[in-house]
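Try each task with the structure open, then follow the solution step by step.

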Amino acid sequence: ARVEWEALWRFHEASLPTMTPVAFGESDSGSFVLTESLEPGRKLSALATEPSLTASRLRRLVSEVAGLARRMHDAGIHHQDFYLGHLLCRVDQPGEPVFVLDLGRARRLRRLGRRWIVKDLAQLNYSAAGLTVADRFRFLREYLGHRPGEADRPLLESVARKSAAIARHSSKHRL
């Protein structure tokens with residue numbers, strides 16, 4: 001729990017939306033982190049499949065998640081489990097940000113290498129299988145800060161290869 005506690009504070013220092021830490025404890029037999037509630041909230045993995053999700057709300061969420069990923073990577077932080085199931089939005093307050101959950105493996109590096117960026121983006125890409133080409137393009141434009149071009153091809157190809165590897169692994173292990 002100590003790793004998650006420290007990651008929560010790193011996210012707050014970087015002004016990235018996540019749970020608000022309240023208490024941390026550890027002993028020889030275990031540890032815990034206590035945070036403020038984000039209820040009522042919905043994980044984006046569940047929200048993305050809801051028929052009631054409007055096209056405009058989906059566009060806003062895609063742009064918001066892309067901006068969040070960019071800010072996270074710009075702060076030198078990689079999540080390592082950056083799937084839609086680890087992103088949550090408050091259903092009672094649609095104007096609030098998307099929150100990042102499950103920070104137990106998140107790390108901050110002095111210089112965030114491309115490997116970690118590819119891994120995070122591939123996990124997000126894999127878990128967002130239902131998005132259209134237009135939604136994916138919107139995400140990339142927001143994440144990159146410009147219209148994807150030839151210079152971005154190596155990154156995008158690496159993300160596609162890693163996404164395919166995640167899909168093969170998930171299929172093989174029935175995840």
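**Exercise 1.** In this predicted model, work out how H4 and H5 are oriented to each other.

*Solution.* 
Step 1. Start with the angle: the axes of H4 and H5 cross at roughly 155 degrees and come within 13 Å.
Step 2. Apply the cut-off: angles over 145 degrees count as roughly antiparallel.
Step 3. H4 and H5 are therefore roughly antiparallel to each other.

**Exercise 2.** Which residues of H4 meet which residues of H5?

*Solution.* 
Step 1. On the H4 side, look for Ile117, Leu121, Leu124 and Asn125.
Step 2. On the H5 side, their partners are Arg136, Phe139 and Tyr143.
Step 3. Sort the contact by class: five residues are nonpolar, one is polar and one is charged.

**Exercise 3.** Now bring in H3. At what angle do H3 and H4 cross, and is the crossing left-handed or right-handed?

*Solution.* 
Step 1. H3 and H4 cross at roughly 160 degrees, and their axes come within 11 Å.
Step 2. That angle makes H3 roughly antiparallel to H4.
Step 3. The crossing is right-handed.
Step 4. H3 contributes Val65, Met72 and His73 to the contact, while H4 contributes Ile117, Asp120, Leu121 and Leu124.
Step 5. Five of these residues are nonpolar, one is polar and one is charged.

**Exercise 4.** Describe the packing of H3 with H5.

*Solution.* 
Step 1. Two numbers are needed, because two packed helices are described by the angle between their axes and the distance between the axes.
Step 2. For H3 (residues 55-74) and H5 (residues 133-144), the angle is about 35 degrees and the axes are 8 Å apart.
Step 3. H3 passes H5 in a right-handed crossing.
Step 4. The contact residues include Leu58, Val62 and Ala66 of H3, and Arg138, Phe139 and Tyr143 of H5.
Step 5. By class, this contact of H3 with H5 has seven nonpolar, three polar and five charged residues.

Key:
Residues are numbered from 1 along each chain as its sequence is written. This is a predicted model: local features need pLDDT of at least 70, side-chain atom pairs count only at pLDDT 80 or more; totals for chains, interfaces and linings use all residues. Side-chain values use heavy atoms; hydrogens and water are left out. Axes are lines fitted to C-alpha atoms, for helices over the stretch in contact, and angles run from 0 to 180 degrees between N-to-C directions. Helices (H or I, at least four residues) and strands (E, at least two) are DSSP runs, numbered from the N terminus. A crossing is left-handed if the near helix is turned anticlockwise from the far one by less than a right angle, and right-handed if clockwise. Contact means heavy atoms within 4.5 Å. Ala, Val, Leu, Ile, Met, Phe, Trp, Tyr, Cys and Pro count as nonpolar, Asp, Glu, Lys and Arg as charged, and the others, Gly among them, as polar. Angles under 35 degrees count as roughly parallel, over 145 as roughly antiparallel, 65 to 115 as roughly perpendicular and the rest as oblique.
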